[in-house]
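Here is a structure to go through by question and answer.

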Amino acid sequence: MKLNQKYLQGLEWLQTIVVSFFAALFAWYLIRFLTGLTTLYFSYDLNIGAKLLLSGVDFLSPPHSPVWTRDAIISVYLSGPIMNFILGISFFVVYTFIPRKTQSFSFFMLWVMVFSFTRMFATFVENAIQRTGVYRVSQLMHIGDVILVVSVIVALYFLYLTGLSIGKLIMLSIHPRHIHEDHIKTNYFIVAFVIPWLMVFGFCFNETRFNLQMIYLLGFVILITFLWTKGPENRGFKLKTLPPFQRIDAVSTFLFFVGFLLLRQFLASGITLG
């Protein structure tokens with residue numbers, strides 16, 4: 001009997017890892033694709049040569065080219081973070097308005113939120129440290145180093161707040177057996193989020209630049225916050241508990257894999273506008 005229970009528990013953990021991993025993989029590539037496409041559009045609109053590749057956006061116009069006007073720098077470097085913020089907020093709202101979700105759909109939406117807000121806030125931190133991207137915008141606006149350091153601290157704090165907000169959605173959705181003393185259980189947290197997160201990072205490590213790797217790792221601030229999140233105080237707001245794994249989850253996982261392959265092929269072949 002105990003062996004049978006351990007087998008079923010192991011099977012459930014394996015299903016959770018697989019579904020969460022493919023949902024995270026598709027969500028990460030989707031965010032990369034949409035972020036790059038947004039930057040590409042603004043670059044094209046401002047006559048700045050650019051190409052979207054698997055490693056990121058390559059600007060074909062030299063940094064000192066006259067096309068890099070003040071408005072162009074601000075528009076191009078802020079377009080991606082703003083798009084990610086809008087995407088993250090949109091998925092957060094949609095998640096709260098859909099009371100009943102499958103495991104696969106729930107994981108996908110949660111990962112989109114995690115990666116969107118990571119690309120939003122962690123980009124400010126990475127750019128400030130590496131003195132690229134948004135840092136150029138701060139220089140144009142004559143923002144001093146002290147204010148820049150404060151901005152980095154604020155961005156990290158918002159990563160923390162984002163983790164708390166997403167964590168409350170998780171607490172409202174997961175089965176009570178994955179909750180202990182009003183906190184998510186550590187074993188479920190590791191299986192459902194940490195392992196898939198690490199697997200995606202390992203899978204994409206060789207094809208991404210250091211700046212994107214740094215942004216991805218900063219996203220752990222969001223994940224680790226899940227462990228500290230308590231259930232919402234307002235018990236009037238409820239979401240239905242996620243159902244057990246179903247056949248639709250297997251279909252969704254397959255579709256996540258297909259979507260990942262298509263997006264990766266698009267990025268690998270390179271995308272330009274005009």
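Q: Which residues in helix 6 and helix 7 meet?
A: W197, V200 and F201 in helix 6 meet Q213, Y216 and L217 in helix 7, where contact means heavy atoms within 4.5 Å. The model is predicted, so local features need pLDDT of at least 70 and side-chain atom pairs pLDDT 80 or more, while totals for chains, interfaces and linings use all residues. Residues are numbered from 1 along each chain as its sequence is written, and side-chain values use heavy atoms, without hydrogens and water. Helices (H or I, at least four residues) and strands (E, at least two) are DSSP runs, numbered from the N terminus.

Q: What makes helix 6 roughly antiparallel to helix 7?
A: The axes of helix 6 and helix 7 (residues 210-218) come within 11 Å and cross at roughly 180°. Axes are lines fitted to C-alpha atoms, for helices over the stretch in contact, and angles run from 0 to 180 degrees between N-to-C directions. Under 35 degrees counts as roughly parallel, over 145 as roughly antiparallel, 65 to 115 as roughly perpendicular and the rest as oblique. Helix 6 is therefore roughly antiparallel to helix 7.

Q: Why is helix 3 called oblique to helix 6?
A: Helix 3 (residues 103-130) and helix 6 (residues 186-204) pack at an angle of about 60°, with their axes 12 Å apart. That angle makes helix 3 oblique to helix 6. In this contact F107, L110, W111 and F115 in helix 3 meet Y188, A192, F193, P196 and W197 in helix 6.

Q: How many residues of each class are in the contact of helix 3 with helix 6?
A: There are nine nonpolar, no polar and no charged residues. Ala, Val, Leu, Ile, Met, Phe, Trp, Tyr, Cys and Pro count as nonpolar, Asp, Glu, Lys and Arg as charged, and the others, Gly among them, as polar.

Q: Why is helix 3 called roughly antiparallel to helix 5?
A: Helix 3 and helix 5 (residues 145-173) pack at about 170°, with their axes 8 Å apart. This angle makes helix 3 roughly antiparallel to helix 5. The residues of their contact divide into 18 nonpolar, two polar and no charged.

Q: Why is F260 called buried?
A: F260 has a relative accessible area of 2%. Buried means under 20%, exposed over 50% and partly exposed in between (1.4 Å probe, protein chains only), so F260 is buried. F260 is found in helix 9 (residues 247-269) and touches L25, F26, Y29 and F203, not counting residues up to four places away in sequence.

Q: Which members of the largest nonpolar core touch the most other members?
A: Of its 73 residues, these are Y29, F108, W111, F115, I166, F193 and F226. A nonpolar core is a set of buried Ala, Val, Leu, Ile, Met, Phe, Trp, Tyr and Cys residues joined through side-chain atoms within 4.5 Å. A second, separate core of ten residues includes I48, I74, V76 and V134.

Q: Why does E181 count as exposed?
A: The relative accessibility of E181 is 63%, so E181 counts as exposed. E181 also has a positive phi, of about 50°.
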